[in-house]
Amino acid sequence: MSDDEEDEVTDLKLQIFHNTVREHIIFLLLLIVLYIASYVLISRFRRKDRDDVFSNDEDELLVYRISSWLCIFSMAIAVGAALLLPASIASNEVLLLYPSSYYVKWLNSSLIQGLWNHVFLFSNLSLFIFLPFAYLFTESTGFSGHKKGIIARAYETFTVFSLLATVVFGFTYVLSAVMDPEKIGFLSLLNLGSVHLPFLYSCVSFLGVLLLLVGQVLVKPHLLRDVNEEYIAFHLEEASVKRKLANLQLQTNTVNKCSNGSTVVLCYSDAQIYEAPQTSMNNNNFDARYEANGGHNFSNYYAHYSQRPSLVHLMQRKSRNGELIHEHQAKLNERLRELESERKELEKLRKSSAFQRNFVYPLAMLLLLLFTGITILLVVQNTLELLIGIKALPLSTRQFTLGITSLSKLGPLGAGLEVCLIFYLGATSAVGFYTMPFMSQVRPQRSKTSLSQLIVNSALLLILSSALPLLSRIIGITNFDLLGDFGAIEWLGNFQIVLLYNLVFGITTALVVANKFTATVRQELCARCYFYVIISEVSFVAVSKMSRIHGEEMYTDLHFAAQS
């Protein structure tokens, strides 16, 4: 080999080395930025009045810090997964607009490919290792009989985590063997890297895509809402709940009084309360009460009272149902707290400026309607192309090169619209998912969320954000190929699953929008129809009565004429 060839090989190796170093520096800078942003986000929701935050125990404080670091790191990966596809689309358009610019030389296909690979790797690590370990570490106390400390808690965490991992991988092996028995053998039982982890992440990604679909369907955009009417309705319901609580409290006090003493409470129409001994209920005692209470005669009431079931028996039955009363009170108190929080939110909306009410809110409503309509049209187009055979399935393992062609027919404008639609889908799906009834106990609250709840929310957001690129590619929002191991998920190559998902997504989203904008018209039509039906029935009854009365009068006249 000549000296020139050796110099070229050396220069090529140096270039590859410098490119690799540059890419890892960029990855590290991105991770630091995402970690800081995640730390700020979690600090807003983290509870600051707990003993584990300001604990004097060094072991407890160390456990809290380690779990917090793992939780923040997982949240950073979740944010990175959500930004993965939009950043890739924007990078492709930037390279098309400035192909020979010196300032974007660092932006290349190798960088984007490495970014997808790193996000996929750390998503698996966070979801299957870091977050379960952090949760078990915070809940651990150490094995009984051993010395308390950080080592004992670590031993317990590793033991429980190992047992949990064994159960999960065993279940994964059985499920994969049932679904595809030809590829799964006994030797693949110990092959974690190429069999179990990809299949497990495939199941988790499918679950995430389903959760995004459910969240998209359940999201309730407050379009065309009347804040004053809602405020009045919440105020009336709050007053009704308070009245029910007061009545239950009075009933509870009455039952306790009757069960502890020897009196029966008799309530009369004039709102006076009289007490009579249980042992003697005769006319003389009631007449005596009559003299002491201003001249009311109890004889008639006692005659009526003696024919009715015993009031003492009714009170005894109420005392036996005291637990039901307390349970009903707890439900009413919980509903009262919800109404108060919702009323406070409505008060904030009522106090908003005229600019927000007249410009910002209508503009947001129009944007939501526009994005929803465009999404439905894209889903319909993608479904038709899948049926005809024009468009391939989202499963892709080929190498993608940035800066060759634009992935949108509208160029940079279409790419920007795709990025907006991806963010719109992610935001609406997350909001709809957190509005589910079973999420009320997990939903984070500002400065009131415990570390365990933060870990659970980080895992949920990581599942949703990791499935967001799959969702965008399945329903045809973008034509950008899924890079790395994201494009190798097996169920993406199933035509029935992809087609069914497009159909369900398009139909349910269209029905939700139609139901939202036609609800007022449908309610008015139903009210009018009901009104006309009632008027018709009343008119028919009135005509029937008039005809019957007129017929009776004619019969009477004829009968009288016949007699005369």
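Phe-122 counts as partly exposed, because its relative accessibility is 26% (buried is under 20%, exposed over 50%, partly exposed in between; 1.4 Å probe, protein chains only). The model is predicted, so local features need pLDDT of at least 70, side-chain atom pairs count only at pLDDT 80 or more, and totals for chains, interfaces and linings use all residues. Residues are numbered from 1 along each chain as its sequence is written, and side-chain values use heavy atoms, without hydrogens and water.

**Exercise 1.** Classify the ring pair of Phe-73 and Phe-122.

*Solution.* Take the criteria: ring centres of Phe, Tyr and Trp (its six-membered ring) within 6.5 Å; planes under 30 degrees apart are stacked, over 60 edge-to-face, the rest tilted. The structure holds 10 aromatic pairs. For Phe-73 and Phe-122, the centres are 5.7 Å apart and the planes at 85°, so the pair is edge-to-face. Next, place the residues: Phe-73 is in helix 2 (residues 58-97) and Phe-122 in helix 3 (residues 109-139), 49 residues apart. Helices are DSSP runs (H or I, at least four residues), numbered from the N terminus.

**Exercise 2.** Is Phe-73 buried or exposed?

*Solution.* Its relative accessibility is 15%, so Phe-73 counts as buried.

**Exercise 3.** Classify the pair of Phe-73 and Phe-130.

*Solution.* The centres lie 5.8 Å apart, with 70° between the planes: edge-to-face. Phe-73 lies in helix 2 and Phe-130 in helix 3, so the pair ties together parts 57 residues apart in sequence. Phe-130, at 23% relative accessibility, counts as partly exposed.

Methods. Helices (H or I, at least four residues) and strands (E, at least two) are DSSP runs, numbered from the N terminus.
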